[in-house]
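Subject: Structure for your review

Dear colleague,

Please find below the structure that I am handing over to you. My notes on it follow directly after.

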Amino acid sequence: MGDFFRAGRSSKVLPVRRAVAQLRMSRPQCPRCHRPLAHCLCALIPNLPSHTRVLILQHPSEVDHALNTARLAALGLQQCEIRVGEIFEDLSRWLAQPGYQPCLLFPGEHSEALSAYQPCAQPRLLVVPDGTWRKARKLLHLNPLLAALPRVQLATAEPSRYRLRKAPGPGALSTLEAITQALEVLESPASFQALLKPFDALIDGQIAAMGEEVYRRNHQRH
Ligand SMILES: [Zn+2]
């Protein structure tokens, strides 16, 4: 996932990405989830309602990423949209959602910890930058309106599923995982775990792809 929550900077993940990218090039893709047709995740993607609206601002470098978990969030949530770019001319219009309180999911010392909605509270429009940490900061720099939004963060993040598989760095969360956790905090006790089903399958596919690549390299060498 092209996201700064994610395990993006792990050196172990990079060869996996390359392997997946190579495999993708030679196989027909599902037009919806963009996975190779043989590994289409669509059957696992839910269609969940939420009180919260989610707006993902995706850096262009993430679009063709094999680990595009933001796409899984946009497909799995009824109230989630994804916009791709560096400078978002229409941002003020997107943020002006009547009845919603916009905020930026961005960790930092000035970020308020998310908590469950109080009764009658206005739901949030959760704006989520999707890119590496550096790209996310660049998006803020290029879009002052974005940088000016009140910031929120997850108080205690659950460990990433990447991490369980020893891939990512500490505290790294995919965009999809960050959104899932944020919604579960805001809309407690509602569960959004169904969003992660295609993600688990994606990781399993990655590991399989890595095995294939390693096998091929070894095979060529000998
Ligand atoms: Zn699909």
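I begin with a loop residue: Ser61 lies in the loop that runs between β1 and α2. Please bear in mind throughout that this is a predicted model. Ser61 has 14 C-beta neighbours inside 10 Å and therefore counts as partly exposed.

Another loop residue, Gly131, belongs to the loop between β5 and α4. Is Gly131 buried or exposed? Because it has 26 C-beta neighbours inside 10 Å, Gly131 counts as buried. The C-alpha atoms of Gly131 and Gln58 are 6.3 Å apart, with a sequence separation of 73 residues.

Overall organisation

The protein chain contains eight helices and six strands. Followed along the sequence, these elements give the pattern α-β-α-β-α-β-β-β-α-α-β-α-α-α. The chain has 222 residues, of which 38% count as buried. Among contacts with a separation of 6 or more, 74% are between residues 24 or more positions apart.

In soluble globular proteins, nonpolar side chains tend to be buried together. In this model, the largest nonpolar core comprises 41 residues, and the ones with the most contacts inside it are Val54, Ile56, Ala73, Leu105, Val127 and Ala182. At least two core residues are supplied by each of β1 (53-58), α2 (69-76), β2 (80-84), β3 (101-105), β5 (124-130), α4 (133-142), α7 (175-186) and α8 (197-221). The largest share, six residues, comes from α7.

Two of these core residues may be of particular interest to you. Leu105 is located in strand β3 and is buried, because 24 other C-beta atoms lie within 10 Å. Leaving aside residues up to four places away in sequence, Leu105 touches Leu126, Val127, Val128, Val152, Gln153, Ala178 and Ala182. In the case of Ala182, the C-alpha to C-alpha distance from Leu105 is 8.7 Å, while the two residues are 77 apart in sequence. Ala73, with the same exclusion of residues up to four places away, touches Val54, Ile56, Cys80, Thr175, Leu176, Ile179 and Leu195.

Helix α2 is mostly covered, with seven of its eight residues buried. The buried residues are Thr69, Ala70, Arg71, Leu72, Ala73, Ala74 and Gly76.

On the α2 side, the contact is made by Thr69, Ala70, Leu72 and Ala73; on the α7 side, by Thr175, Leu176 and Ile179. These residues divide into five nonpolar, two polar and no charged.

Backbone features

Ser188 and Pro189 are joined by a cis peptide bond, with omega about 5 degrees. Pro189 is placed in the loop between α7 and α8.

His34 is not a glycine, yet it has a positive phi of about 65 degrees. This residue is found in the loop between α1 (13-25) and β1. His34 counts as partly exposed because it has 18 C-beta neighbours inside 10 Å.

Cys120, also a residue other than glycine, has a positive phi near 70 degrees. It is found in the loop between β4 (112-113) and β5. With 5 C-beta neighbours inside 10 Å, Cys120 therefore counts as exposed.

Confidence in the model

The mean pLDDT of the protein chain is 83, and 77% of its residues reach 70 or more. Which stretches stay under 50? One is residues 6-12, for which the model has 19 contacts beyond four places in sequence. Another is residues 163-170, with 18 such contacts in the model.

With kind regards

Methods:
Residues are numbered from 1 along each chain as its sequence is written. This is a predicted model: local features need pLDDT of at least 70, side-chain atom pairs count only at pLDDT 80 or more; totals for chains, interfaces and linings use all residues. A nonpolar core is a set of buried Ala, Val, Leu, Ile, Met, Phe, Trp, Tyr and Cys residues joined through C-beta atoms within 7 Å. A residue is buried if 20 or more other C-beta atoms lie within 10 Å of its own, exposed if 12 or fewer, and partly exposed in between; C-beta atoms are placed from the backbone. Helices (H or I, at least four residues) and strands (E, at least two) are DSSP runs, numbered from the N terminus. Two residues are in contact if their C-beta atoms, placed from the backbone, lie within 7 Å. Ala, Val, Leu, Ile, Met, Phe, Trp, Tyr, Cys and Pro count as nonpolar, Asp, Glu, Lys and Arg as charged, and the others, Gly among them, as polar. pLDDT is the predictor's confidence in each residue, from 0 to 100.
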